[in-house]
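Hello,

Here is the structure we talked about handing over. Please open it next to this email and follow along.

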Amino acid sequence: MFSVTSVSRCYKLNMPDLQPFLFWLIAAATALCAIAVVVTQNIVRAATWLLFALAGTSAIFFLLGADLVGVTQLLVYVGGTLVLLVFGVMLTAQGPFITMKTGAAEWAISAVVGLLFLGVLAVSAFSVRDNKPGPPLGSTTWEFAPAKRLSTDPANAQYSAVIGMGFLGVGVGPAHMEGNRVVRTNYLLPFEIVSVHLLVVLIGAAYLARAKRRRRAAT
Amino acid sequence: MGELTLDAIWEWLVSFWGDWGWLLLPLIAALALITFMLVSAIFSVWLERKVAGRIQDRLGPTRVGGKFGWLQTLADGLKLLVKEDIIPAQADHMLFRLGPYIALTGSFVAFLALPYGDGVVATQMNVAVFFMLAVMSTEVFGIILIGYGSGSKWSLFGGMREAAQMVSYEVPMAICVLVPVIVAGSMNLLYFATVQPATEMTLNSRSLMWNWYLFNDPFTFAAFWTYFTCATASCKRAPFDLAEAESELVAGFHTEYSGFRWLSIFMAEYGSMFAVSGIASLLFLGGWHTGFLPADPTYWLGGFFGNVINVVVFIAKCWTLVFVMMWVRWTLPRLRIDQVMMTCLKYLLPISCVLLLGVSVWNLFLPTTVLALFPKFLFVVCVLFALFVIKQLMTWASAQPGTGMPGMWSMVGVSGYQGAKKN
């Protein structure tokens, strides 16, 4: 079995193709599923392809090393939103196995809108100034450390404790100048806004799902 | 034989296959995990039949493979493999085929983050317990596809009820998981059971039974039982198994599934049972520690043999919890679907919220002597209670044969009885 008392070496492999290879594989699968969402005529199958597209997005987050975001994507989108979507589809369908037929005009308009949106996304993705360009593709070294133990010290837990402290107002984000001091950003305000938002949503859901009193007809 | 460490495997693979040899290591880990999951499911099916039999005062399988019917599940599996693959005419063919695989994948991927020993894990993740819960929530979609794709109203009702139940029980389950995570401060499952022998070989070592999170404070104690109830419900086990109830809904959401497809659904269910038992034993029951050693066995026996002991202890704990799930199944009657939802929303969810609040303030407002003494006190109380229960069971007044409820053995002396002989 695997031992953690062995030497903790980092194995540097010259694998210039690996990370792009995995990225293109996952991105191609995600894109194919996204196209299938639009093309298929059965609405529950469209939800299934959407499931795979969102799971592919989560896989890209894992590939970037953002474990927490990838897991949240799985929990919120796949486990929550998509289940809700499928419930809604099934409970409001007028009959089993509904097919949707899209006319040619709808295809044309949506293609134009989609291409415009793609242009906007591409322009904004390539124009981010803080984006530090990585090493050229041919010289990427893949660092893989199977025997290196992740830090089990909760003070250094990379994702959960640090983000939690950020939500409570401790400065954990990127540093910037404010007046003549250097401060780090915290995430207190977004946390409070999201909390109030969630409370509103919960109250609204409870109100909408309340048992309605029937009017008794006067006899 | 050289020490079987990860480095040795790695170096052999790289020397043999070049740089792409590293791809084999994750494949080997995945193969080992899925083999374990499926063999564990085979064992669990046999165990279920034996446990069901014994609780119902009969023997269970006794013929295939010797006196205890060891190979019964193998015979069942062979039968299911050669059964005719029936797909109903009005089923949605693609979704009908796809559903069991999504359920099985959701159940299996959770095993990737589950550690079996000190460092014995496929992927070390800082968010391991969160990952396991999130991935097991994708199983719900598989159930929906199974229910919908069958094209039958029984399946659709069963699938809808099942999906609603699983999704609802995820909320108190996640809140109960948060309770020991708050105490420990990390979501990394390795952290819960890791003991640093050089600094911690004292009575406060995390590997000793009274230091397990189960006894840490009353809120984690209650959280264990609440988590176990929610986990039983989210694995659609009785008493929450109305969606696959034989008597009410034919077979619920898997009515139209026979042969190997049905087997996939059940592999997913038994895999999920093991995974949630794994989370429970890591979070609350000390993971792979035996409970009476002050440090990890790797400290005395080296990496390989120490971890073999760790893995065996962990699997034994998980199978014990799976046995408890089976024991509950064959003891309690089934809840109606509205009772299932009411249990979740009106009882378990408020209880788990109170537990979350309680554990958050426990550490803040109590003096340190109480915090240090309470686990020992609770451990002593639990040990005394366990001894009391054992004493009651051993000295329970039992009816004379021939009086009281007739069981199988009371018929042995009756003439003309052709059943099993009491030996």
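This is a predicted model: local features need pLDDT of at least 70, side-chain atom pairs count only at pLDDT 80 or more; totals for chains, interfaces and linings use all residues.

**Chain B: overall build**

Buried residues make up 51% of the 423 residues in chain B. The chain exposes about 19500 Å², and carbon and sulfur atoms supply 72% of that area. Among contacts between residues at least 6 apart in sequence, 75% join residues at least 24 apart.

**Confidence**

The predictor gives the complex an ipTM of 0.83 and a pTM of 0.85. For chain B the average pLDDT is 84, and 86% of the residues score at least 70. Within chain B, confidence is highest in helix α10 (residues 218-234), at a mean of 94, and lowest in helix α9 (residues 197-200), at 61.

**Salt bridges**

Side chains of opposite charge can pair when their charged atoms come close. Over all chains, the structure holds nine salt bridges. Some of those in chain B are described here.

One salt bridge joins the side chains of Arg49(B) and Asp76(B), at 2.6 Å from N to O. Arg49(B) lies in helix α2 (residues 24-55) and Asp76(B) in helix α3, so the pair ties together parts that are 27 residues apart in sequence. Arg49(B) counts as partly exposed because its relative accessibility is 33%.

Another salt bridge, also listed at 2.6 Å from N to O, is formed by the side chains of Arg261(B) and Asp85(B). This pair links distant parts of the chain: Arg261(B) is in helix α11 (residues 260-283), Asp85(B) is in the loop between α3 and α4, and 176 residues separate them. Is Arg261(B) buried or exposed? With a relative accessible area of 12%, Arg261(B) is buried.

Arg336(B) is partly exposed at 47% relative accessibility, and Asp338(B) is partly exposed at 42%.

Salt bridges can also be linked to one another. Glu48(B), Arg237(B), Glu269(B) and Arg329(B) are joined in a network of them.

**The loop at Ile86(B)**

Ile86(B) sits in the loop between α3 (72-81) and α4 (93-109). This residue is partly exposed, with a relative accessible area of 46%. Which residues does Ile86(B) contact, leaving aside its neighbours within four places in sequence? They are Phe96(B), Glu256(B) and Ser258(B). Ile86(B) and Tyr257(B) are 171 residues apart in sequence, yet their C-alpha atoms are 7.6 Å apart in space.

Leu387(B) is placed in helix α14 (residues 368-394). Why does Leu387(B) count as exposed? Its relative accessibility is 51%, and the cut-off for exposed is over 50%.

Regards

Note on methods:
Residues are numbered from 1 along each chain as its sequence is written. Chains are lettered from A and ligands numbered from 1 in the order in which they are written. Side-chain values use heavy atoms; hydrogens and water are left out. Helices (H or I, at least four residues) and strands (E, at least two) are DSSP runs, numbered from the N terminus. Buried means under 20% relative accessible area, exposed over 50%, partly exposed in between (1.4 Å probe, protein chains only). Contact means heavy atoms within 4.5 Å. pLDDT is the predictor's confidence in each residue, from 0 to 100. A salt bridge is a side-chain nitrogen of Lys or Arg within 4 Å of a carboxyl oxygen of Asp or Glu. Accessible areas come from the Shrake-Rupley method with a 1.4 Å probe; for residues, only the protein chains shown count as cover.
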